[in-house]
Amino acid sequence: MSALLPVVVLSATLVALFGVVLPLLLLGPVLASRTRPQPQQLIFAVVLLIPTVAIGSVFLSWWAVEWLRRYDVPAPELTGIALVAAAVIGLMAPLRLPGGSGPFWLKPLLGFASGILVPMSIIWTIDAGLHELAAAGIGLLVLVALVVFFRLIAKPIADRRHAKQLRTSVRRFQGQLVDVTDAAWSLSSARGTANQIILTYSGESDGKPIGAALMLKRDMEWVPKARENESAVFELAKGLNGQPTEAVLAQKQIGTPATLTMRIPGTTILSIRETVADTLSWVEFISKLELTDADGLLKRQQPEDE
């Protein structure tokens, strides 16, 4: 058990450096920006991350081997390198989370657990009298078992977190809510504040996946206004309240997703944005919308949680 302390400290240090500090240094400025990160920025950060992790792993492996030697750990070279490799693999292993919706602590926990259990299984195997090669094989099996276990529990955890976030966002909004009544469409995400919420729906058309984002915003001052070469005002024969209403159709340029904005009963405006250009039939989609409240929306979209 004397080897447990250095193994725990080494694993925690590695996870803190590679799982928290390094991503914050590389991605922090990009994610903190008010503008949406450009793909080139993210690619540059990832390209910079890979050699940094590789070089850091070499240094940490040397440090781990030297420290484990002081505690008379059997096969310190194998144990130290296995510790670093297992922790890094645990941090990088894909968990197949839907849309990256899992809790932030899941991968660091996998890296930390791998950095402890894999080297300790190697130590215990060698202490039992088995060859170092057999110990390495057992360590690999432990790592695989950990990754499989975390992948099994990741989706239920992510689904519960996503459902809770959706319910919280829907109940927080103080304006008029709208839902898509067509069974072919489902609510995939909701995020917002008391004055604004974005409901993202996914559906199918001719066997192809399509989507739409509905932004509901409390705004008493909005009036339909056209902008040259960007938007046009037209009249819908039937709005959500059954009466004719004016709407604004905006599209910055041909081939980009369009946005339809109109006022709905109360002080709320509704903006519908297609996720893929020219995939929505506006009149048909609006006919699928229905005014509702938080309880009604959640009852339809999350009946199992009611």
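**Helices α3 and α4**

I looked up how α3 and α4 lie against each other: they are roughly antiparallel, a label for angles over 145 degrees. This is a predicted model, in which local features need pLDDT of at least 70 and side-chain atom pairs count only at pLDDT 80 or more, while totals for chains, interfaces and linings use all residues. I count residues from 1 along each chain as its sequence is written, and side-chain values use heavy atoms, with hydrogens and water left out.

Helix α3 covers residues 76-92, and its angle with α4 is about 155 degrees, with the axes 7 Å apart. Axes are lines fitted to C-alpha atoms, for helices over the stretch in contact, and angles run from 0 to 180 degrees between N-to-C directions. Helices are DSSP runs of H or I with at least four residues, strands are runs of E with at least two, and both are numbered from the N terminus.

I noted the crossing of α3 and α4 as right-handed, meaning that the near helix is turned clockwise from the far one by less than a right angle. The residues in contact include Ala86, Ala87 and Gly90 of α3 and Ser114 of α4; contact means heavy atoms within 4.5 Å. By class I find 13 nonpolar, five polar and one charged residues there. Ala, Val, Leu, Ile, Met, Phe, Trp, Tyr, Cys and Pro count as nonpolar, Asp, Glu, Lys and Arg as charged, and the others, Gly among them, as polar.

**Ser114**

I then went to Ser114, in helix α4 (residues 106-127). Ser114 is buried, at a relative accessible area of 0%; buried is under 20%, exposed over 50%, and partly exposed in between, with a 1.4 Å probe and protein chains only. Leaving out residues up to four places away in sequence, Ser114 touches Ala86, Ala87, Gly90, Pro119, Leu143 and Leu146.

**The sheet**

Next I traced an open sheet of seven strands, in the order β2-β3-β4-β8-β7-β6-β5, with antiparallel pairing. Strands β2 (186-192) and β5 (231-236) are its edges, each pairing on one side only; two strands pair if DSSP finds at least two bridges between them. Neighbouring strands are turned by 20 degrees against each other on average, direction ignored.

Between β2 and β3 (residues 196-205) I find six bridges. Ser189 has Thr200 in β3 as its bridge partner. Helix α5 (residues 132-172) packs on the sheet and touches β2 and β3, its direction making about 60 degrees with that of β2.

**Gly296**

Last I checked Gly296, in helix α7 (residues 294-301). Gly296 is partly exposed, at 26% relative accessible area. Gly296 and Leu177 are 119 residues apart in sequence, and their C-alpha atoms are 9.4 Å apart.

Key
Angles under 35 degrees count as roughly parallel, over 145 as roughly antiparallel, 65 to 115 as roughly perpendicular and the rest as oblique.
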